[in-house]
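Please examine the structure shown here.

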Amino acid sequence: MNRAPNPSSGIPVYLDFNATTPVAPDVVTAMAPFWTDHFYNPSAAYPEAVTVHAAVDTARAAVATLLGADVQSIVWTSGGTESNNWVLHGIWRSRPFHRRRVVLSAIEHPAVTETAAALESLGAEIVTIPVDSRGVLRLDVLDAVLDEQTALVSVMLANNEIGTLQPVAEVARRAHAVGAWVHTDAAQAIGKIPVDVKTLGVDFLSVAGHKFYAPKGIGVLYIRPGVALPPFLMGGGQQEGRRSGTEPVPLIVGLGKAAELAHTGLQDGWPGRQAVLRDSLESQLREASPALVIFGTRAERLPNTVAIAHPGWTGSTLLAACPQIRAGTGSACHHPDDTGSPTLRAMGMAPELARGLVRLSLGRETTAEDLEVAVTALTQAIQQRST
Ligand SMILES: Cc1ncc(COP(=O)(O)O)c(C=O)c1O
């Protein structure tokens, strides 16, 4: 399942699973009848539609189980971008008037930072909290910023570029103490590490299906029970008026199946196996190219993400010299690295090094053989240029 192309086949080895994953075969199978036989609108009252409605409820229950959430707290969206936009815009509209401040980490995804920039033009005060040299939020700086003027604190759970985990439970405790709402963008964490909304204590959590073997175009916003968030999309009143628009049932069923697979994988020790492969990749790379820099290793981080740079190389030139692999040069969802990785820059890395970021992100079926292909390709490229 989800096997990256076999290296011996000559097809490049896919190591960009943080950008997106394939749809798992079991997910495709689960979705299939909902394109055709079970096409009915889940809001209709006749029996065939009731069956479709029930499938949506089953999917919601699977996502709730994965997140440790109550079922009524799960709202379908089109993905991570919509979920993040909804929270920031929604809180801005519903906050008490004196709470004008929105606090972010310095390493948020553009789906948060660009939305915050839009709020700034509406009068919000945006405060960015730095990260330390490990790539972890500075809680001491957060403490100095939080007060009764703060409406929302938004800190991602796992960084998309280097995989470092952020102290979201600590953030939530501190932000709630001043009456602010708390959001975490968990797009990169779901399916890779256990995530429990109650342990995190957040009010809102964003999920992107295509990062964990569900299709693109489907996601979730978790809204803590009892927390009010005005709708972002208005219309026919679906999802109890929280997010209008006919539910994309096949995608929802797919997300539910992917959530089930993720839950099983996490219980079966998938993160541990992934970390073993990641560590082996890093030590092979270090041994073969001693000048290589590996980021994020001093922090808690995702088990599947290896972030490297080699002095003298930009990420895109290094990857162009390695046609045997497909990897990322930084954040997955926007254009490559003219100005360098925003995360590395926020960590205080020199621009030359920040421009060098290559992100190798492993998937569930990545093998040691795939990683050998990557090590050989990267090492040969680096050696050929320096000889
Ligand atoms: C951390 C993070 N947030 C949000 C997104 C956007 O999610 P989507 O593609 O589902 O809109 C991404 C995608 O790369 C991401 O990595």
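This is a predicted model: local features need pLDDT of at least 70, side-chain atom pairs count only at pLDDT 80 or more; totals for chains, interfaces and linings use all residues.

Modeller: Residues are numbered from 1 along each chain as its sequence is written.

Colleague: Which element gives the most to the side of domain 1 that touches domain 2?

Modeller: An automatic or database domain assignment gives domain 1 (7-17 + 269-386) and domain 2 (25-265). In contact (C-beta atoms, placed from the backbone, within 7 Å) are 26 residues of domain 1 and 22 residues of domain 2. Helices (H or I, at least four residues) and strands (E, at least two) are DSSP runs, numbered from the N terminus. Among the elements giving two or more residues to this side of domain 1 are helix 9 and strand 10, but the most, three residues, come from helix 11.

Colleague: At what angle do the axes of helix 2 and helix 8 cross?

Modeller: Axes are lines fitted to C-alpha atoms, for helices over the stretch in contact, with angles running from 0 to 180 degrees between N-to-C directions. The axes of helix 2 (residues 47-67) and helix 8 (residues 249-267) come within 8 Å, and their crossing angle is roughly 35 degrees.

Colleague: Which residues are closest to the ligand?

Modeller: The ligand is surrounded by 15 residues, where near means a C-beta atom, placed from the backbone, within 6 Å. The closest are Gly79, Gly80, Thr81, Asn160 and Ala208.

Note on methods:
Two residues are in contact if their C-beta atoms, placed from the backbone, lie within 7 Å.
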